[in-house]
Amino acid sequence: MSGIMKVIVKLLQSIRFRITFVFVLFLIVILESFGVFFVHQIEQHDLIASEAELTMPTYVTKKIVEGLDTETGKVNQAKVDTSVRDFDSNLVENVLVYDKSGNLVSSQSTKKSLLPKKIDSNSESALAGGNSYLKIRTQDRDQGNGQQAVVTRQLYANGTNTPSKAGEKPVGIVVVYASLEKVYANARQILFLFLLAGLLTLVASVYLAFILSRTLTRPIEIINKQTARIAAGDYSMVNTISGSDEISQLAHSVNTLSNRIAESTEIISNERNRLHSILHHMADGVLLTNANGQLTIINRAATKLLGVSEQAALGQQVFDLLDLPEYQSVRDLIKQQRAMTVDVGQRIIEVRVSLIKNPSGLINAMVLILHDITEQKKIDQDRRDFVSNVSHELRTPLTTVASYVESLQEGAKEDPKILGEFLTVIQNETDRMSRMVSDLLELSRMDQGTMEVKTELVQLNTMLNFILDRFDMILLSPSKDLNSDRKIKIVRHIPTDQEFWVDIDHDKMTQVIDNLMNNAIKYSPDGGTITVSLEKSRDKVLISIQDQGLGIPAVDQKKVFNRFFRVDKSRSRAQGGTGLGLAISKEVVEKFGGHIWVESKENEGSTFKMTLNYVQDDLLSTEKQWDED
């Protein structure tokens, strides 16, 4: 029911209904006004015609006057009755003739019941002088209510109803009663025909008004539908309303507006997408706040730097988000002209503030750029540590050489035994400085990307066996550097039924394995065992070198690949280490797409592991076919 009411209310409020209603109402008013006027005029015309028809002709009145015998005062009843009967009219119902005394002389009636019992006031006034035409409403039991015309005329001796001599008095009156039923029936018939024609005209006018309103409202509906789709973001609809009237011009303007909005929206959308892409792919974090410091935009880099989600960050105060208790308002940030440094977890973030102002200078928004300077700080610290370490590492052998040279100059060279020992120390320290400089140059080339690398397919099984055979011979032969008298044993777990081929630089990888083996031998106890393993680990090949030394503390395991880092500095320096071997090994392994790490427990030894990408069998067969070709 409510749905029907909504439809009815919508129909009543529509322009189409209003136009139809106004048009039909206007037509009804015009038709009714014209009809009332037209029927009234016809009715008045018929009444005037009936009055003329009810007026007795002069020849009849003369005969009646003769029958009244004005000279003798006697009444010729037969003559009067004959004269009355000679007056014939379709409207006449009763004809009454009274003498000057008011006595009824003669009567002619089609309805006896309508004859008055005595002279009425109208007839008395006629005897006194004057004619009258009255319309009275009768109540007849046969005909019901009706309209009756009463025409009263004076009769003078000259036979007319007007005196011919001054002072001449009437000799009688004639009263004619007539029914106006035919007159009013004719008026009703005309009124009915007029109402029928009006009804047909009304139906036709409703239809024409509907068609007319439809021609006016249909383009408006199309334009309304088009504007609704434009408001919803759909600009594909184009109206086809043609013509040169105002609505057609409006439709053309709406089409033009739709095209302009579509073009502008596309441009804005492209700019927004471009800005969004730039904003969310920036390496630096970007925060946009309103004038009150509430966050309105945050990019992906900022969420990662701050460790928050975009939904949780939006709407927060930027001071709370960055944990800046010393800043409580935008004004405080405005006063801060220099970049700020904020610690977020283990990250160090540099914050730069930029203000967005309107033309009048009022601050509308604020942009904060977050730059992660953790790595930069670390690099700066590493650079300072590197300079300090290099200075320290070079100063120690230089001090030793300088002190021994000074001793020789002061006379120690005179003793052949002391001379030999001093020269040996100077030689060892010089060799150590040479190795250190060589390692530093190697690291410098790696950092600069100028290290020469010649990759080739290498079978790791054969390569490892060859290197380990060499170390077996070194451990069996007297060697002061490796302390071979400690009886260190090398155990191999290298498969013979499966070949592992890798694409590496043979010399660089040999240098890495040599470095790891030297460290394992140096830090292994007397009679210790070094275990070397080669195996497949998922899609990579894994090399493990395990010793039984003192192990590496957990806090130092992530630092062993740093430059100049030593777990036992005194022992490493005594054995001639530079502290750069593991750093070089890490750079080389990563150069070939591998990974190197250490697993160790104190007093249980250490295991250095590294993974490399090995060549698949199908690629290897293709490579061998190329080599054969």
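Strand β9 and strand β10 (residues 363-372) run antiparallel and are joined by nine bridges. This is a predicted model, in which local features need pLDDT of at least 70 and side-chain atom pairs count only at pLDDT 80 or more, while totals for chains, interfaces and linings use all residues. Residues are numbered from 1 along each chain as its sequence is written, and side-chain values use heavy atoms, leaving out hydrogens and water.

**Strands and hairpins**

- Helices (H or I, at least four residues) and strands (E, at least two) are DSSP runs, numbered from the N terminus; two strands pair if DSSP finds at least two bridges between them.
- Five residues lie between the strands in the hairpin of β9 and β10, where G361 takes a positive phi near 95 degrees.
- Strand β8 (residues 340-344) is antiparallel to strand β9 (residues 347-357), with five bridges between them.
- V342 has I349 of β9 as its bridge partner.
- The hairpin of β8 and β9 has two residues between the strands, and G345 there has a positive phi near 65 degrees.

**Helix packing**

- Helix α15 (residues 506-523) packs against helix α17 (residues 581-591) at an angle of about 145 degrees, and their axes are 9 Å apart. Axes are lines fitted to C-alpha atoms, for helices over the stretch in contact, with angles from 0 to 180 degrees between N-to-C directions.
- On the α15 side the contact (heavy atoms within 4.5 Å) is made by K508, Q511, V512, N515, L516 and N519; on the α17 side it is made by G581, L582, I584, S585, V588 and V589.
- Six of these contact residues are nonpolar, five polar and one charged. Ala, Val, Leu, Ile, Met, Phe, Trp, Tyr, Cys and Pro count as nonpolar, Asp, Glu, Lys and Arg as charged, and the others, Gly among them, as polar.

**Nonpolar cores**

- A nonpolar core is a set of buried Ala, Val, Leu, Ile, Met, Phe, Trp, Tyr and Cys residues joined through side-chain atoms within 4.5 Å. Buried means under 20% relative accessible area, exposed over 50%, and partly exposed in between (1.4 Å probe, protein chains only).
- The largest core has 44 residues, and L460, M509, I513, M517 and M610 have the most contacts inside it.
- Beyond its neighbours within four places in sequence, L460 is in contact with F500, V502, L534, V541, I543 and L612.
- Another core, of 20 residues, lies apart from the largest one and includes I298, L322, V351 and L368.

**H280**

- H280 is in helix α7 (residues 246-280) and is buried, with a relative accessible area of 12%.
- Leaving aside neighbours within four places in sequence, H280 contacts I298, N299 and R300.
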